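Have the sequence and the coordinates open while you read.

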Amino acid sequence: MAPKTASKADSKPKAKAEGKAKAAKKKEEGEEEKTKMAAPDKQAFDEKLAKIQEDIEKLQKKQKSFADKIAERSGGKEEFYAKKAELRAQLDELSGKMNELYAKKDEIDKAMTGKREEGKQMRSQLNNMKQSIGFTSEKDIDKRIADIEFQLCTTSMALKDEKKLLAEIQTPQRNRPK
C-alpha cells in the first residue's frame, strides 16, 4: 500500500498544481476578456456623428448670418474713410494757412518791437540833448549867450574863468537848431 500513499501524496501536489494552473488560466482569460473590448455600435456612432454634424451646420449658419450683418453694417465704412480723408486734407490746408499767418504775425511783431526800441532810443537821445543843452528854446540860448558876453565885457576875471565862459558859449551855439 505504500504505493497508494505515495500516489495520494503525489496526487495532492498535482491537484494543487492543477488548481494553480486553472486559476492562472482563468486569470489570463479574465485579462483577455478585460483587454478585449466590445465592438462599437455603428448605428449609435452614426447617430452621434449626425447630431454633431447638425450642430456644426447650425453654428456655421449663425456665423454666416453674423458675417452678413457685419458686412451690411460696414458698408458705409469706405464712405466714412473717404469723408475722413477729405476732411483731413481740408484741416491740413487750413493748418498750413494758419502757420503762414502766425509766421507773418511773428515777423510783424519783431518789426514792431524793433521800431519801438528805435523810438525809445530816439527819445532818450532827445532827452540827453535837452539836458546837455540845458535850454528849452532858441530864445533861452540867445539870452544865455548874451549874458555870458556881457559878463566877459564888463567883468575882470582870471584867464581860466574866461576860457570856461567861452567854452560855455560855444556849446549852445553848436547845439542850436538851424
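## Surface and overall make-up

The chain exposes about 16800 Å², and 56% of that comes from carbon and sulfur atoms. Accessible areas here come from the Shrake-Rupley method with a 1.4 Å probe, and for residues only the protein chains shown count as cover. What you're looking at is a predicted model, in which local features need pLDDT of at least 70 and side-chain atom pairs count only at pLDDT 80 or more, while totals for chains, interfaces and linings use all residues. Residues are numbered from 1 along each chain as its sequence is written, and side-chain values use heavy atoms, with hydrogens and water left out.

The chain has five helices and zero strands, so its pattern along the sequence reads α-α-α-α-α, given that helices (H or I, at least four residues) and strands (E, at least two) are DSSP runs numbered from the N terminus. Of the 178 residues in the chain, 4% are buried. Buried means under 20% relative accessible area, exposed means over 50%, and partly exposed is in between (1.4 Å probe, protein chains only).

The predictor's confidence in each residue is its pLDDT, on a scale from 0 to 100. Its mean over the chain is 81, with 76% of the residues at 70 or more. Helix 1 (residues 2-35) has the lowest confidence, a mean of 57, whereas helix 3 has the highest, at 92. Where pLDDT is low, the predicted coordinates should not be read in detail.

Which residues make up the largest nonpolar core? They are Ile141, Ile145, Ile148, Leu165 and Ile169, five in all. As background, nonpolar side chains tend to be buried together in soluble globular proteins.

Within helix 4, Ile141, Ile145 and Ile148 are buried. Looking down the axis of helix 4, its buried residues fall within an arc of 65°, so they line one face of the helix. That arc is the one made by the directions from the helix axis to the C-beta atoms. Turned away from the buried side of helix 4 is a face with the exposed residues Lys139, Lys143, Phe150 and Cys153.

Asp147 also sits in helix 4 and is partly exposed, with a relative accessible area of 39%. Its C-alpha atom is 9.8 Å from that of Ile169, a residue 22 positions away along the chain. Arg144, another residue found in helix 4, is 25 residues from Ile169 in sequence and 8.0 Å from Ile169 in space, C-alpha to C-alpha.

## Salt bridges

How many salt bridges are there? The count comes to three, where a salt bridge is a side-chain nitrogen of Lys or Arg within 4 Å of a carboxyl oxygen of Asp or Glu.

| Pair | N to O distance |
|---|---|
| Lys97 and Glu93 | 3.7 Å |
| Lys105 and Asp109 | 3.8 Å |
| Glu168 and Arg144 | 2.4 Å |

Take Lys97 and Glu93: they are four residues apart in helix 3 (residues 77-133), which means about one helical turn separates them. Lys97 is partly exposed at 45% relative accessibility, and Glu93 is partly exposed at 48%. Lys105 and Asp109 are likewise four residues apart in helix 3, separated by about one helical turn. Here Lys105 is partly exposed with a relative accessible area of 46%, and Asp109 is partly exposed at 37%.

Glu168 is partly exposed, at 31% relative accessible area, and Arg144 is partly exposed at 29%.

How values were computed
A nonpolar core is a set of buried Ala, Val, Leu, Ile, Met, Phe, Trp, Tyr and Cys residues joined through side-chain atoms within 4.5 Å.
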